[in-house]
Amino acid sequence: MQDTPPATPADRLARATPPTLARKVRGLSDRSIAWIFVAPTILLLLAINIFPLIWTIRLSFTNFRANRPNEPLEWVGLRNYERILTDPDVWQTMQATAHFLFWTLFFQVLLGFALAWLINRKFRGNDLMTTLIVLPMMLSPAVVGNFWTFLYQPQIGLINYAVEFVTGIPASSFTMLGSVSLAPWAIVIVDTWMWTPFVMLICLAGLRSIPDYIYEAAEIDRASKWRQFWTMTVPMVLPFLMLAVLFRGIENFKMFDLVVLLTGGGPGDTTLLSSIELKREAFEKWRTGYSSAYAIILFVTVFGLASIYVKALNKVKER
Amino acid sequence: MSAFIKGLLALRRGPWEMLATILIALGVVMLMQPFALVLFTYSFLVTLVGTVMFIIVSHFKE
């Protein structure tokens, strides 16, 4: 007589399942069971992403004000879009956003890749150095904003003294956050300081994914270091780099907290990014319909850019 | 060039995606350029047409 194997937890659970429920589940197709598992996620997505989006599109055609919810809703057609797209102040805001976006991405990619290239070499204290470089990324934007506000202080800030030490320009003669010409660069510097480690980490992952034997084969073929860099390293790291640019591009397009803490959009409107302007319209002036149209314009822009970017990324990966 | 136009006429994904990409890029440049307000005014329309076109043509055959 054979010994029966001890019941596993799954067997015990199957036996404990009421027969009617078991019959019902057994009667379902694989597709139905898959739908049952996916349905909660789809419902959640509909509730927190799709529904607000559709609601925002609807509101963008009205004069709704969230602080006066009982006022009758007036359908204004495309008037909100027309107002935004013919307003020189909004145009100025877009230019400030473009300046911030372009230069932060430029410096972060350049410095992030250079740091990854250096950190990828084997040297003593490599791990410690990586940890130290990555630290700014782990800080809260609120902390970074306040910290850099002190650093940029004309009287007590270290940055002005460093500039005086290097160039001889008196420390108290200029103010980074109060100058129309310097403030846009001041926010670029802080964002670059904070987020270059992120780009570096992604590039480092790309560099470490390149097998050593490719370089060994190139050495045997007597390829110069310069040629190895441009024909092997850069193409193989490019998908990673593009991914980093996509993440940082989307993040910086909606940059808010850091810039609000540093300059609050000033002096004048020189660092007034589109997200700050949007928040003012929506929650200070309470022009909900207008700000919904503004949000839709930004959304379509980011969505369009992300679409072509993902297509380019897929092409690079296929090569 | 003629292959591109033939692709457009045959409703092939490649050339149509290229056209949509050009429209989106043009729209974004128009939105953020500092030269003419009129370009800024029509930027959203161009980006929107490009984005909707991109979504539609990505379902075309290769």
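How many helices and strands does the secondary structure of chain B come to? The secondary structure of chain B comes to three helices and zero strands, where helices (H or I, at least four residues) and strands (E, at least two) are DSSP runs numbered from the N terminus.

This is a predicted model, in which local features need pLDDT of at least 70, side-chain atom pairs count only at pLDDT 80 or more, and totals for chains, interfaces and linings use all residues. Residues are numbered from 1 along each chain as its sequence is written, while chains are lettered from A and ligands numbered from 1 in the order in which they are written.

**Chain B**

Along the sequence, chain B has the pattern α-α-α. Further values for this chain are tabulated below.

| Property of chain B | Value |
|---|---|
| Span of the C-alpha trace along its principal axes | about 40 × 25 × 10 Å |
| Share of the 62 residues that count as buried | 26% |

A residue is buried if 20 or more other C-beta atoms lie within 10 Å of its own, exposed if 12 or fewer, and partly exposed in between, with C-beta atoms placed from the backbone.

Pro34(B) is found in the loop between helix H2 (13-32) and helix H3 (37-57) of chain B. Pro34(B) counts as exposed because it has 12 C-beta neighbours inside 10 Å. From Pro34(B) to Thr51(B) the separation is 17 residues in sequence and 23 Å in space, C-alpha to C-alpha.

**Chain A**

Chain A is divided into domain 1 (9-59) and domain 2 (84-318), with bounds from an automatic or database domain assignment. The C-alpha centres of these domains of chain A are 40 Å apart.
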